[in-house]
Amino acid sequence: MADAQESVPMFTKQWRITALAERFPQRAFTSLAHHMDAQWLMSAYLMTRRDGAIGIDGQTADDFASDVDANIQRLLEEAKSGRYRAPPVRRVHIPKGDGRTTRPIGIPTFEDKVLQRAVVSLLEPLYAHDFLPCSYGFRPGHSPHQAIKRVREGLSSMGGGWVIDLDIQAFFDTIDHQHLRAFLQQRVKDGVILRLVGKWLKAGVLEEGQWRKGEIGSPQGGVISPLLANIYLHYVLDEWFETEVKPRLRGRAFEVRFADDAILAFSNEADARKVLEVLPKRFARFGLTLHPTKTRLVRFRPHREQRAETFDFLGFTYYWGKSRRGCWVVKQKTAKDRFKRTLKRLSLWCRVNRHRSLLDQHRVLCRKLQGHFAYYGISGNYRALQDVVYQAQCIWIKWLRRRSQRGYFSWAKANLLLKRLPLPKARIVHRNVFQ
C-alpha cells in the first residue's frame, strides 16, 4: 500500500487537495505533509532552477545532483522529523527602475529552494480555491497580461472612473510574522508545514558577513515568499475589499492585484475618496504602510477640454486615446521608467560585450528584443516598440565604434552592418480589439 501511495504523481495529489479545499472551504487542514514523499521532493527538485544564484553554503545544483537520491531522502527525513535547520539567505541588492535606489533580494541555498518548492506545490492547490479572481501574481494559470487586460476592460466598461494607485512601502520587509501565522492557520494546521514556514521566516539574512535575525518580513527571492505575500494580502486587502468595502459603495468598483502591486477602480468619486481615507488605517492594523507620495487618487476619465490623468501598472502607462472609429478607449504604452531601464541594460550589455564577434552580439541582442516584445508587445504600444528597436540600433553602433581606437567603424559601415544583420522589427504579440 505504501508503494501505491508513493507511485501517485504530484499533479494527482494536487488535484485531490484542490477538490478537498473546494469541498470544505472553511476547514483548516491538519494532515498535508503526508503527501510530501521522496517522489514529491524529486518533482520539486526538477522544477527548481539549476542556474540560479548560489546561497551561503556554496552548494550548486550540480553538487546536489551528484547524489540526488540520497540528498532527497535526507532532506525529506530532516523536514518531517523537525531536524531541518533553515539557513539564512544571502542578501544582495539590485537596482530598481529609477536607477537611484536598490531592491534587497534574498538568495536561499539550493536545498532550501527545493524544500520551499515542495511546500509551495503543497499549498498552491489549497489556496487556488481561496484566492479571489482579482489576484493574478505568481499563481498557476495566471499572468501579468491577464491582470493588464482586466484593468483595461474594467475601466472601459465603467467609462473610466477614479483609480487608487496603491503602493505598499517595503512590503516584503514589513510582513508581520504573527499576523501571517494567524492567516496561515485559518487553512493550515499541519505541524510539519507550519514549523518549516516558521523556520524560514526566522532564518534571517546574511549581508556583508553580518547575520540579522528575521523578526519581520519575508525576503524577496525566496521560492515561498510570493505565496506568503499572496496569503497575507488576500486577507488584508482582497477579502476585505470584496466582502466589507464593495457592499457599502454607491457605485461600481473592482480590484486588480499582482503580488504587492494593486489598483482599486471606482465609478463614484465619493466612494474612491472614502476608501482612500480608510486604507492607511486598514494596512497599519497589519503592520503595513502605504507610500505617502506614490499612493494616489487618479481621475481617469476621458475629457476633451481637460487632459485626463494617467497611472502606471505592471510596466504600462494607462491613458485615454481615440480608436480608429473615433471612440474614446483605454490604451496602454510602455511606462517611461521601464523604457529607460531597458535602454540602460542594453547599453551596459553592449559596452561589456563589444569585443565579442558581431554574430554573437547580434544573436543576443535579437533575443533580448524578442523578450521585450513578448512582454510589452500589446496593441496600442507599437510606437514604443519601434523606439526601442531604433535606440537599440544606435546603442549597438555606438559601442561598436568605440571598440576601434582609430574610429575605423564608420557610419557607412554601420548601415551596411544593419542591412546584413538587422535587428528584429517591432511586433505585437498580445492583441486587443479597439472598436
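## Helix α7

In helix α7, the buried residues are His145, Ala147, Ile148, Val151, Arg152, Gly154, Leu155 and Met158. The model described here is predicted. An α-helix has 3.6 residues a turn, so residues three or four places apart point the same way.

Helix α7 covers residues 144–158, and its 15 residues should span 21 Å at 1.5 Å a residue. The C-alpha atoms at its ends are 21 Å apart, which agrees with that value. After α7 comes Gly159, which has a positive phi near 70°.

## The four-stranded sheet

Four strands form an open sheet in the order β6-β7-β3-β8, and their pairing is antiparallel. Strands β6 (253–258) and β8 (296–300) are the edge strands, each pairing on one side only. On average, neighbouring strands of this sheet are turned by 20° against each other, direction ignored.

Strand β3 (residues 161–167) pairs with β8 in the antiparallel sense, over five bridges.

Helix α12 touches β3, β7 and β8, and its direction makes about 15° with that of β3. Helix α11 lies across β3, β6 and β7 (261–266) and runs at about 175° to β6.

What is the angle at which α11 and α12 pack? Helix α11 (residues 225–245) and helix α12 (residues 269–284) pack at about 140°, and their axes are 12 Å apart. The crossing of the two helices is right-handed. On the α11 side, the contact is made by Leu233, Tyr235, Val236, Leu237, Trp240 and Val245. On the α12 side, Val275, Val278, Leu279, Arg282 and Phe283 take part. Ten residues of this contact are nonpolar, none is polar and one is charged.

Strand β10 (residues 316–322) pairs with β11 in the antiparallel sense, over seven bridges. Thr317 has Lys333 of β11 as its bridge partner. Strands of a sheet pair through backbone hydrogen bonds, either parallel or antiparallel.

Five residues lie between the strands of this hairpin, and Gly326 there takes a positive phi near 85°. Is strand β11 mostly covered or mostly uncovered? Strand β11 (residues 328–334) is mostly covered, with five of its seven residues buried.

Conventions. Residues are numbered from 1 along each chain as its sequence is written. This is a predicted model: local features need pLDDT of at least 70, side-chain atom pairs count only at pLDDT 80 or more; totals for chains, interfaces and linings use all residues. Side-chain values use heavy atoms; hydrogens and water are left out. Axes are lines fitted to C-alpha atoms, for helices over the stretch in contact, and angles run from 0 to 180 degrees between N-to-C directions. A crossing is left-handed if the near helix is turned anticlockwise from the far one by less than a right angle, and right-handed if clockwise. Contact means heavy atoms within 4.5 Å. Ala, Val, Leu, Ile, Met, Phe, Trp, Tyr, Cys and Pro count as nonpolar, Asp, Glu, Lys and Arg as charged, and the others, Gly among them, as polar. Buried means under 20% relative accessible area, exposed over 50%, partly exposed in between (1.4 Å probe, protein chains only). Two strands pair if DSSP finds at least two bridges between them. The expected span of a helix is 1.5 Å times one less than its number of residues.
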